[in-house]
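Trainee: May we go through this structure together? I would like to ask about the parts one at a time.

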Amino acid sequence: MSIDVKHLAKLARLRIEDDKLAKFEKDMESIVGMVEQLPDVSGDAWNLDPNHPMKLREDTEGTDKLPRAELLSNAPQMQAGCVVVPKTVE
Amino acid sequence: MELYEYSAHELSKMLSEKKCSSEELTKSVLNRAAATDEKVGAYLTICGDNALKKAREVDEKRSKENLHPLAGIPIGIKDNISTKGLLTTCASKMLYNYVPPFDAFVMNKVNGADMVVTGKLNMDEFAMGSSTENSYFKKTHNPHNLDCVPGGSSGGSAAAVAAGSAVISLGSDTGGSIRMPASYCGVVGLKPTYGSVSRYGLVAFASSLDQIGPMARNVTDTAMLYSVICGHDNMDSTSAEHEYPDFAANLNSDVNGLKIGIPAEYFGEGVDDSVKESVMNTVRELEKQGAEIVEISLPSTKYALNAYYIISSAEASSNLARFDGVKYGYRTENYENLIDMYEKTRSEGFGDEVKRRIMLGTFVLSSGFFDAYYKKAKLVALEIVKEFNAAFGKCDVIATPATPGTAFKLGENMGDPTKMYAADICTVTVNIAGLPAISVPCGKVNNMPVGLQFIGRKFSEQTLLNTALAVEELNGEAKPVNV
């Protein structure tokens with residue numbers, strides 16, 4: 001199957017440089033070629049483990065609060081206690 | 001004998017009997033790291049000053065109170081486990097400067113036991129790879145042969161323990177990332193039952209498959225460290241509520257009456273004859289001690305790798321969407337608008353293998369392909385679970401090679417991703433089924449270690465550790481390798 005790497009990259013918010021495009025196309029085609037061989041099985045795919053069911057948390061306020069300054073300390077750009085991003089609304 | 005050469009269980013005794021101090025031990029391990037790591041490259045960050053400070057605190061504390069058996073023992077941590085105040089990069093440019101403001105659940109446990117963290121260990125970027133060659137920062141070399149890879153993705157965790165630059169370590173396993181490097185480096189690695197160790201603070205790759213686990217030079221140390229990190233955690237909604245025994249105290253290498261399943265599918269094409277032979281010779285030794293060998297069949301194994309790469313890449317593509325240059329990590333220098341910033345940041349921040357997995361995940365989840373790939377893969381996963389359940393009706397543990405061959409040369413598989421993926425063939429089914437499995441050294445082929453994998457029922461870690469101990473008693477505990 002031929003894979004449209006440019007389109008996939010766009011969906012994934014990636015960019016593949018032109019000089020690498022051919023290599024990525026070849027790799028993606030061989031990977032998809034490998035994984036596409038699957039048998040036809042039917043059934044309900046959304047199996048849960050009945051012995052160890054997941055529980056929903058209580059809808060209460062969390063207890064492990066971190067100070068805002070610490071949480072923001074890793075942001076690449078910050079101003080007045082907020083992260084800064086390029087203008088998104090004209 | 002230098003202190004770094006001892007095992008954690010020996011050191012535990014020596015520390016409590018005051019035959020050495022944690023400070024002396026930590027110095028010895030740090031010196032060993034300084035002497036070997038230029039060649040091995042296991043560490044991304046060494047925090048020597050912090051480690052020595054902690055060691056002195058533990059020595060001081062020991063004079064006043066009884067401490068945890070692993071108190072004062074140096075440990076290395078895979079660099080995708082969040083350590084408060086200590087760089088956590090996932091071996092990616094994307095997180096080159098990320099310092100977590102919180103500790104992972106396992107780090108709370110490790111710190112609570114007063115263990116001494118010596119540093120953060122190299123890995124494949126975001127745990128995607130089977131050789132640790134996908135690290136953005138450096139290559140790690142196999143201490144048994146520096147021309148060979150240590151395996152991956154927890155290659156640093158395995159190499160450090162093998163070389164003696166860590167006494168024990170933590171790794172993570174999504175498709176074999178603990179067991180495979182353990183096998184290549186001649187150490188023990190346990191991939192616990194899904195849900196038994198909290199994933200809180202583990203940087204997510206494929207959330208339904210990821211599990212943190214212990215690595216050590218012997219089974220007893222592995223059991224001791226597993227006891228520290230298992231347990232329920234409210235912060236991980238997939239964390240299981242379960243009562244765990246004291247694994248080290250209950251260790252027992254008696255295999256009399258144990259039924260060992262041998263699945264033909266794991267001894268077929270693609271697995272080296274010498275590896276099969278090494279594994280089967282060991283199993284026959286256990287048979288002599290009273291274990292019973294049972295032939296079993298796991299026919300869907302042939303689809304496991306395909307299902308694994310579909311499911312794990314699908315989950316990775318959504319998990320890694322968070323890396324966008326806004327809240328943490330790398331941000332591109334020049335950009336025109338928000339989309340431009342996202343695309344440049346991600347293209348410059350991620351390596352090629354991570355990009356391939358994100359694109360594969362995006363592909364299998366995209367409209368028109370979902371039913372043919374993702375849904376089918378989940379159904380295959382269900383078949384794999386059913387086959388394991390049926391097999392465990394006939395046997396207690398399943399024995400397989402941990403890897404289809406021994407460690408390959410650096411660069412050997414880098415040109416062809418599917419060739420690299422094939423190295424995971426013996427391990428991925430375990431993650432798909434959420435089962436526990438252990439890799440234990442069972443001999444050498446061409447001077448390189450071979451790992452024997454035992455797979456067990458959910459929460460049967462004690463049985464796995466006991467069986468692995470029986471293997472270890474045939475060969476003796478591993479010692480740090482000369483580098």
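**Strands, helices and a contact**

Mentor: Please note that this is a predicted model. Let us begin with strand 2 (residues 74-78) and strand 3 (residues 116-121) of chain B, which run parallel and are joined by 5 bridges.

Trainee: Which residue of strand 3 of chain B is the bridge partner of Gly76(B)?

Mentor: Gly76(B) is partnered by Gly119(B). In general, the strands of a sheet pair through backbone hydrogen bonds, in either a parallel or an antiparallel way.

Trainee: How many strands form the open sheet of chain B, and in what order?

Mentor: The open sheet of chain B has 11 strands, in the order 1-3-2-4-6-5-10-11-9-7-8, with mixed pairing. Strand 1 (43-46) and strand 8 (292-296) of chain B are at the edges; each has a single partner strand, so one side of each has no neighbour in the sheet. From one strand to the next, the twist averages 30°.

Trainee: Which strands of chain B does helix 2 of chain B lie across?

Mentor: Helix 2 (residues 22-40) of chain B lies across strand 1, strand 2 and strand 3 of chain B, at about 20° to strand 3. Helix 15 (residues 461-475) of chain B also packs on the sheet, where it touches strand 5 (188-191), strand 9 (397-401), strand 10 (437-445) and strand 11 (448-456) of chain B. The direction of helix 15 makes about 15° with that of strand 10 of chain B.

Trainee: Changing topic, how many residues has helix 12 of chain B?

Mentor: Helix 12 (residues 371-391) of chain B has 21 residues. From first C-alpha to last it reaches 29 Å, close to the 30 Å expected at 1.5 Å a residue.

Trainee: What do its buried residues pack against?

Mentor: The buried residues of helix 12 of chain B, among them Tyr373(B), Lys376(B), Leu379(B) and Phe388(B), pack against helix 9 (301-319), helix 11 (352-365) and helix 14 (428-433) of chain B.

Trainee: And chain A? How many helices and strands are there?

Mentor: Chain A has 3 helices and 2 strands, running α-α-α-β-β from the N terminus on. Of the 90 residues in chain A, 14% are buried.

Trainee: How many residues does the contact take from chain A and from chain B?

Mentor: It takes 37 residues from chain A and 47 residues from chain B. Helix 2 of chain A gives the largest share of the chain A side, 7 residues. The residues on that side are 24 nonpolar, 8 polar and 5 charged.

Key. Residues are numbered from 1 along each chain as its sequence is written. Chains are lettered from A and ligands numbered from 1 in the order in which they are written. This is a predicted model: local features need pLDDT of at least 70, side-chain atom pairs count only at pLDDT 80 or more; totals for chains, interfaces and linings use all residues. Two residues are in contact if their C-beta atoms, placed from the backbone, lie within 7 Å. Helices (H or I, at least four residues) and strands (E, at least two) are DSSP runs, numbered from the N terminus. Ala, Val, Leu, Ile, Met, Phe, Trp, Tyr, Cys and Pro count as nonpolar, Asp, Glu, Lys and Arg as charged, and the others, Gly among them, as polar. Two strands pair if DSSP finds at least two bridges between them. Axes are lines fitted to C-alpha atoms, for helices over the stretch in contact, and angles run from 0 to 180 degrees between N-to-C directions. The expected span of a helix is 1.5 Å times one less than its number of residues. A residue is buried if 20 or more other C-beta atoms lie within 10 Å of its own, exposed if 12 or fewer, and partly exposed in between; C-beta atoms are placed from the backbone.
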